[in-house]
Amino acid sequence: MPGAVPNPLRSALDRRLPRIAGPSVLVLFGVTGDLSRKKLLPAIYDLANRGLLPPGFGLVGFARRDWADQDFAQVAHDAVRTYSRTPFREDVWRQLSEGFRFVPGELHDDEAFDALARSVRELDAVRGTGGNYAFYLSLPPKLFPTVLTQLKRCGLAQSTGDSWRRVVIEKPFGHDLASAQELNAIVDDVFPPHEVFRIDHYLGKETVQNLLALRFANTLFEPIWNRSYIDHVQITMAEDIGVGGRAGYYDGIGAARDVIQNHLLQLLALVAMEEPLSFTADAIRAEKVKALSAVRLPEDLATGTARGQYAAGWQGGARVVGYLEEEGISPDSTTETYAAVKLGVNTRRWAGVPFYLRTGKRLGRRVTEVALIFQRTANQVFDHVVTEEQGANSLVIRIQPDEGVTLRFGSKVPGPTMEVRDVSMDFSYGASFTEASPEAYERLILDVLIGDPPLFPRQEEVELSWRILDPIEEFWAKSGRPEPYEAGTWGPRSGHELLARDGRQWRRP
């Protein structure tokens, strides 16, 4: 009733209850691609298997295939059996797949989109989906204007009554600031900003979200999460694979645009931000925007950045070709497969603390982590008893593949003498919780259907990230070829010199 005081016990209980999506239809454009087959379709099934999708749920695939509904259902079935996280249950699949529809057609075909409109409205009638539609654009950004124009033309983008209409956009959000602003203008012409969900799947990972809990739910870490105790921060996303079948997408984009502009700068924002007033989308976004606005580039981009391109080498016991020998790559390509940059965050908390970001393909191993490296102790009494192996204390948040947190510190070696050596205290999600962590796309798709946007970057964050990266890309464009590095190593010499100039070195994951 109006003016009633909310029950705090009821509110606390509500936060513990699982969030279940309401009646809705999810339309997948690009449903025949790898992302849909390996991630999106399995995530939808896993949500249903966990009881988080309602009976009134429908899924419509749109693609240039001459399929009937049952053909699409079979493709989805095979993807689910191969890639789903949870066990396959026939009763769950049967109930879910009854709401599957497929619409064949080209993106510029008015008749195909008219058929799409009829299909989703038919689901409203037979599945009770309530006119709530989410459109997932798993497509190249150059195709967005065509799809958005068609959705507007056939009336699918306009909500009516209590229903909602949302659009989900996969990265990249443009290739520079100007194109990102142009893309956003096109999207905003069709959907209101609060119904636009920009997917950054890294933000759906449990460990990324745990950054907020680690910082703000514990008195142990927040008092030392600042320049008085932290020497520097390293954020790494390393892959041990090459470009593979992504050559057509990757060449001309490169490591910095593919990873640093979105994933790594979002991680930097979560590490550097101040405590939000609440965990609502607006409160979290406000603090992330402040952090990104405070980012400063190195004075000298020649010594404050590094880029490389993998050459032939050995990986996993096998000989692998270099980037320029990959199928579909031009032999004179200057696209970087390794990028590293030193950034500052000009706030009271972080003044003088460098943030080192790096990403690359064909590196030593697959790992994504955030490492906070603490200042060395000022107590001289231990200088003569530490071993060569002892380094600075560090707190490492492992995002993949073994999600968890490691605290590294010095401890006395057993024996009659005072000898200090580094040891690790480790927390692993797999060992500490009986329930397996959901895949990032499970969380993100559920958030879209519920309308909960905290994990989705807004346009202001996207533009701030491009303002950081654009000057670096412009400098690299005038700087010749990337430095080659042998596959299976940890990148080019310039990447190591980036830290060595400051008397530091990359942590070996």
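Buried here means under 20% relative accessible area, and exposed means over 50%. Keep in mind as you click around that this is a predicted model.

**Stop 1**

Select Arg362 to start. You'll find Arg362 in the loop between strand 13 (355–360) and strand 14 (367–374). Its relative accessible area is 14%, under the 20% cut-off, so Arg362 counts as buried. Now check the backbone: phi of Arg362 is near 55°, a positive value in a residue that isn't glycine.

Next, jump to Pro401, in the loop that links strand 15 (394–400) to strand 16 (404–412). Look at the peptide bond running from Gln400 to Pro401: it's cis, with omega near 0°. For background, most residues other than glycine have a negative phi, and most peptide bonds are trans.

**Stop 2: the cores**

Show side chains for Phe29, Leu116, Leu151, Trp350, Phe355 and Leu357. These are the residues with the most contacts inside the largest nonpolar core, which has 106 residues. Then colour by domain. Domain 1 (24–170) and domain 2 (203–436 + 456–501) both give residues to this core, so the core lies between them.

Zoom in on Leu151. Skipping neighbours within four places in sequence, Leu151 is in contact with Phe29, Phe113, Leu116, Phe135, Leu156, Ala157 and Phe191. Apart from the core you're looking at lies another one, of 40 residues, including Ala63, Tyr441, Leu446 and Leu449. In soluble globular proteins, nonpolar side chains tend to be buried together.

**Stop 3: helix 3**

How far apart are the end C-alpha atoms of helix 3? They are 21 Å apart, which agrees with the 21 Å that 15 residues should span at 1.5 Å a residue.

Which residues of helix 3 are buried? Phe72, Ala73, Ala76, His77, Ala79 and Val80 are.

**Stop 4: Ser163**

Move to the loop between helix 6 (144–153) and strand 5 (165–170), where Ser163 sits. At 11% relative accessibility, Ser163 counts as buried. A polar atom of the Ser163 side chain lies 2.6 Å from the backbone oxygen of Thr160. Leaving out neighbours within four places in sequence, Ser163 is in contact with Gly130, Gly131 and Asn132.

**Stop 5: the annotated positions**

Finally, select Arg64, Glu106, Leu107 and Lys171, where UniProt (an unreviewed entry) places the feature "binding site".

Is Arg64 buried or exposed? Arg64 is exposed, with a relative accessible area of 64%. You'll find Arg64 in the loop between strand 2 and helix 3. Beyond neighbours within four places in sequence, Arg64 is in contact with Gly105 and Glu106, and Glu106 is another of the UniProt positions.

Lys171, by contrast, counts as buried, at 16% relative accessibility. Lys171 is in the loop between strand 5 and helix 7 (177–188). Show its surroundings: leaving aside neighbours within four places in sequence, Lys171 is in contact with Ile199, Tyr249, Asp258, Asn262 and His263.

How values were computed: Residues are numbered from 1 along each chain as its sequence is written. This is a predicted model: local features need pLDDT of at least 70, side-chain atom pairs count only at pLDDT 80 or more; totals for chains, interfaces and linings use all residues. Side-chain values use heavy atoms; hydrogens and water are left out. Helices (H or I, at least four residues) and strands (E, at least two) are DSSP runs, numbered from the N terminus. Buried means under 20% relative accessible area, exposed over 50%, partly exposed in between (1.4 Å probe, protein chains only). A nonpolar core is a set of buried Ala, Val, Leu, Ile, Met, Phe, Trp, Tyr and Cys residues joined through side-chain atoms within 4.5 Å. Domain bounds come from an automatic or database domain assignment. Contact means heavy atoms within 4.5 Å. The expected span of a helix is 1.5 Å times one less than its number of residues. A polar contact is a pair of N or O atoms within 3.5 Å; within protein, one must be able to donate a hydrogen and the other to accept it, and residues adjacent in sequence count only if both atoms are side-chain atoms. UniProt positions are given in the numbering used here, feature names are shortened, and annotations may be inferred rather than shown by experiment.
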